Amino acid sequence: MGSHGYLSRIAGPDRTPELNHQLACLLALVAGILNSVGFVAVAFYTSHMTGVTALVADQIVLGNLYLVVVGLLSVASFVCGAMSCAVLFNWGRRRELRGRYANVLLLEGLLMLLFGLLAESLAGSWQELVFVPVLCFTMGLQNAIITKISGAQIRTTHVTGMVTDIGIELGKFSYRNRRQGADPVRGSLPKVSMLASLVLLFFVGGIIGALGYLAIGFAVLVPGALALLLVSHRPLLADLGARAEGHA
């Protein structure tokens, strides 16, 4: 199958475990870059809502109102990103569009592209109030779409769940099935391999994001944005072509 055929499938409506894993690999890498850029730029992790919630609680006690506001904005933005994903996805699903997943990836790619090109001009004393909500909204979009695509089997914006699942599978491998006749406990090596690859790519994305931001600033987000636009464009073009034929 040529590159055009693959690009039609990678973010298309017909899913397989292999396609889900391949798309998740790209998204984990992008998430690592986004998360690292957010931290290096404004000392704020934008994918880690558990940590952000804890931060808000701590800063309420310590009396730092500014960080409380930033934290609340980040959680609200992450939620809004996930909500936007649900609206876009269900709008496309109800219309049986091939781009029901791709339209969300398109929005994420466009947000990353605009942010990567314009963020330097927005830097200032209140930059957290601009940067953090945008990055958290993007993370919410991404986490929600891979959740939809994989049937809640894969997350890409944080590694806690993935590391937990790796531990569960390793526990299954180490379990000794002594009782005869009972359903044996067996670990899944493909699942461990898949999860480990996503954790590794998130880590690699973090290194790329940190090094890239220190070298070229927010422009380090542009290649990832272009990659998302690339994988999303074929299903969207197919929908536009079908719509044009319907009006012909």
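Student: Which residues in α5 meet which residues in α6?
Tutor: This is a predicted model, so everything here is computed from predicted coordinates. On the α5 side the contact involves Val 104, Leu 105, Leu 107, Glu 108, Leu 111, Met 112, Phe 115, Ala 119 and Leu 122, and these meet Val 130, Phe 131, Val 134, Leu 135, Phe 137, Thr 138, Leu 141, Gln 142 and Ile 145 in α6. Sorted by class, that contact has 15 nonpolar, two polar and one charged residues.

Student: At what angle do α5 and α6 pack, and how far apart are their axes?
Tutor: The angle between α5 and α6, the latter spanning residues 128–150, is about 165°, and their axes are 10 Å apart. The two helices are therefore roughly antiparallel to each other, and α5 passes α6 in a left-handed crossing.

Student: And α2 with α5, is that pair roughly parallel or antiparallel?
Tutor: Their axes cross at roughly 30° and come within 13 Å, and α2 and α5 are therefore roughly parallel to each other. The crossing of this pair is left-handed.

Student: Which residues make that contact between α2 and α5?
Tutor: Leu 23, Leu 27, Val 30 and Leu 34 in α2 meet Leu 105, Glu 108 and Met 112 in α5. By class, the contact of α2 with α5 comes to six nonpolar, no polar and one charged residues.

Student: What about α2 against α8, what are the angle and the axis distance there?
Tutor: α2 and α8 pack at about 35°, with their axes 6 Å apart, and α2 passes α8 in a right-handed crossing. The residues of that contact divide into 18 nonpolar, eight polar and no charged.

Student: What does Leu 221 touch?
Tutor: Leaving aside residues up to four places away in sequence, Leu 221 touches Ile 33, Leu 34, Val 37, Met 112, Phe 115 and Gly 116. Leu 34 and Met 112 are also listed in the contact of α2 with α5, while Met 112 and Phe 115 are listed where α5 meets α6.

Student: Now the loops. Is Thr 46 buried or exposed?
Tutor: Thr 46 is found in the loop between α2 and α3, and Thr 46 is buried because its relative accessible area is 0%, where buried means under 20%. With residues up to four places away in sequence not counted, Thr 46 touches Leu 34, Asn 35, Phe 78, Val 132, Leu 135, Cys 136 and Met 139.

Student: And Ala 43, where is that residue found?
Tutor: Ala 43 is found in the loop between α2 (17–42) and α3 (49–62), but at 55% relative accessibility Ala 43 counts as exposed. Its phi is near 55°, a positive value in a residue other than glycine.

Student: In which helix does Phe 203 lie?
Tutor: Phe 203 lies in helix α8, and Phe 203 is exposed, with a relative accessible area of 54%. Between the C-alpha atoms of Phe 203 and Leu 29 there are 7.7 Å in space, although the two residues are 174 residues apart in sequence.

Student: Last one: how far is Arg 176 from Glu 128, C-alpha to C-alpha?
Tutor: Those C-alpha atoms are separated by 51 Å, with the two residues 48 residues apart along the chain. Arg 176 lies in the loop between α7 (160–174) and α8 (189–216), and at 59% relative accessibility Arg 176 counts as exposed.

Note on methods. Residues are numbered from 1 along each chain as its sequence is written. This is a predicted model: local features need pLDDT of at least 70, side-chain atom pairs count only at pLDDT 80 or more; totals for chains, interfaces and linings use all residues. Side-chain values use heavy atoms; hydrogens and water are left out. Helices (H or I, at least four residues) and strands (E, at least two) are DSSP runs, numbered from the N terminus. Buried means under 20% relative accessible area, exposed over 50%, partly exposed in between (1.4 Å probe, protein chains only). Axes are lines fitted to C-alpha atoms, for helices over the stretch in contact, and angles run from 0 to 180 degrees between N-to-C directions. Angles under 35 degrees count as roughly parallel, over 145 as roughly antiparallel, 65 to 115 as roughly perpendicular and the rest as oblique. A crossing is left-handed if the near helix is turned anticlockwise from the far one by less than a right angle, and right-handed if clockwise. Contact means heavy atoms within 4.5 Å. Ala, Val, Leu, Ile, Met, Phe, Trp, Tyr, Cys and Pro count as nonpolar, Asp, Glu, Lys and Arg as charged, and the others, Gly among them, as polar.
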